[in-house]
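Please read it alongside the sequence and the model.

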Amino acid sequence: MRQAKIQIQVLHERHFPAHINMVLSQTLAEKLGIQGSPFRISFGSASETGYASIRQSNNPVLRISSKLATHLRIENETTISAYFDNITRRLKIGPLLGILINSHPKEGTDSPFGEITKFLDECVQAGDNHGLRIAVISPDLIHLESRSIEGYVKDQSKWKRVSLPLPDVIYNRITSRRIERTAAVQKMVEHLKNSCSIPFFNDRFLNKMQVHQLLIQDENSSEMLPETYYLNTETLKSMTKKYPILYLKPTNGSLGDGIIRVTRKDDKWIAQSSVQNGTTTSHTAQTFTELNHILRNKVKKRAYIVQQGLQLVRFQNRALDFRILVQKNKAGEWAVTSSIARIAGDQQIVSNVAKGGTLRRVKDILSELGDLRNKLTSADIRSVAKSIATSFENQVDGHFAELGIDLALDQTGRLWLIEINSKPSKTDDTVHNPTLSARPSVVRLMEYTIHLTSELKRNRHSHPPHQGYLQSISKRRTPR
């Protein structure tokens with residue numbers, strides 16, 4: 001299979017000889033390995049027969065008729081990749097990556113997609129550099145019957161809504177658990193994955209207790225898990241007898257919302273929680289019955305876990321943890337894209353940036369922590385995170401290619417796994433180096449999309465590659 005970067009120019013039928021719907025140069029034909037026609041030409045899920053005329057020139061332009069462009073739902077393209085498979089006689093344009101979000105943009109504004117607008121702009125830029133087409137889509141703009149979507153693409157400096165075929169790959173960036181769980185979205189996702197054989201990642205939000213139950217089965221990861229149970233009166237009572245600090249977390253929570261810290265001090269219990277304006281509320285209980293009553297009022301009907309509190313190292317007397325972003329790379333293997341230390345805001349019980357936390361380089365923080373019994377390096381922490389991603393993938397159902405892994409050190413230097421997040425934040429305040437034109441995670445996203453579509457080409461008569469990944473990865477021991 002040969003590949004080339006091309007330009008696509010759509011022209012009226014009158015510019016083509018009879019029975020010809022595309023014209024390309026001899027140089028481009030040789031680069032792609034095209035010898036004669038007809039052959040199939042495809043873009044996303046759309047496919048048509050191409051009848052080509054090869055001319056003596058060396059430009060990279062592929063001229064196609066407006067009728068063919070309408071069938072393929074493709075427009076003029078300044079730079080896009082093209083692949084020709086001489087065995088199947090197919091010219092593949094793209095790939096087309098669909099980024100699935102909650103809802104439609106606010107058109108006519110500077111930030112049509114809200115806080116993730118810059119991230120999506122970077123995706124378009126990196127997509128152009130890699131020969132991909134990026135379309136931003138919402139669940140209600142996917143039309144399974146016609147195998148088409150209405151997607152938002154960026155034309156120069158503006159986003160516009162266009163009709164496109166179903167994408168080659170879909171990246172799930174829905175940030176609402178409620179929307180993701182609706183029957184309509186679940187049915188649509190299953191159809192895309194199973195009936196249309198479209199690689200779809202990251203599959204879904206993760207439930208904290210389900211992740212714990214998966215990783216507790218892995219001998220290496222289980223060593224890093226705090227003791228954890230579903231919250232009820234019995235488990236709360238047992239854990240208060242066992243540990244001086246407990247954390248209560250919503251099983252489906254994110255961004256630190258709803259977390260409660262319970263601390264035993266003398267003969268009293270203090271329950272602290274962060275509220276949305278960033279302040280921390282505190283309640284004191286003299287007895288377990290009183291504590292249980294306070295927590296019931298805070299938790300209400302939400303499902304919670306109760307977790308062993310850890311004696312973690314602190315930085316300048318503030319909570320500290322490490323967020324490691326692990327992604328699939330261009331070879332389809334887990335790799336660490338970034339690692340940052342997160343320091344909680346003053347008086348905050350969590351280190352999330354959304355709650356006022358700040359970011360520092362991991363190695364800088366480690367060098368300032370002083371002597372620990374087991375001194376870990378930044379490389380050690382990154383290696384552990386990658387191994388956790390592998391362990392997680394060995395146990396979980398679904399296709400995940402991006403994980404935010406939160407780790408923390410206790411006062412003996414032991415590393416603990418705090419959380420795995422399948423929808424790491426893409427807002428600007430999580431970017432450690434804002435001077436880069438496209439953050440490394442965006443570049444890796446493009447490379448993995450190309451890997452997925454290459455796997456599909458190599459295995460076109462077998463299952464989609466994501467269905468086989470879980471069985472193909474052997475377990476690796478977690479570095480200690």
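Two strands are taken to pair if DSSP finds at least two bridges between them. In this predicted model, strand E14, which spans residues 169-172, pairs in the parallel sense with strand E9 (residues 96-100) over 4 bridges, and E14 is also joined by 2 bridges to strand E15 (residues 200-201), again with a parallel run.

- Towards E15, isoleucine 170 has phenylalanine 200 as its bridge partner.
- In a regular strand the side chains alternate between the two faces of the sheet.
- In E14 both faces are covered, with Val169 and Tyr171 buried on one side and Ile170 and Asn172 buried on the other.

**The cavity**
- The structure holds 1 cavity of 30 Å³ or more, and the volume of the largest cavity is about 30 Å³.
- The lining of the largest cavity is formed by Phe201, Gln327, Lys328, Ala401, Glu402, Arg444, Leu445 and Tyr448, which by class amounts to 4 nonpolar, 1 polar and 3 charged residues.
- Strand E23 (318-328) and helix H12 (440-458) each supply at least two residues of this lining, and H12 gives the most, with 3 residues.

Key:
Residues numbered from 1 in each chain as written. Predicted model: local features only at pLDDT ≥ 70, side-chain atom pairs only at ≥ 80, totals over all residues. Heavy atoms only, no water. 1 Å grid on protein atoms, 1.4 Å probe; cavity = no way out; pocket = protein on both sides within 12 Å on 5 of 7 lines; lining within 4 Å. Points joined across faces, edges and corners; volume = space filled by probe spheres on them. Nonpolar A, V, L, I, M, F, W, Y, C, P; charged D, E, K, R; others polar. Buried < 20%, exposed > 50% of the residue type's maximum accessible area, 1.4 Å probe, protein only.
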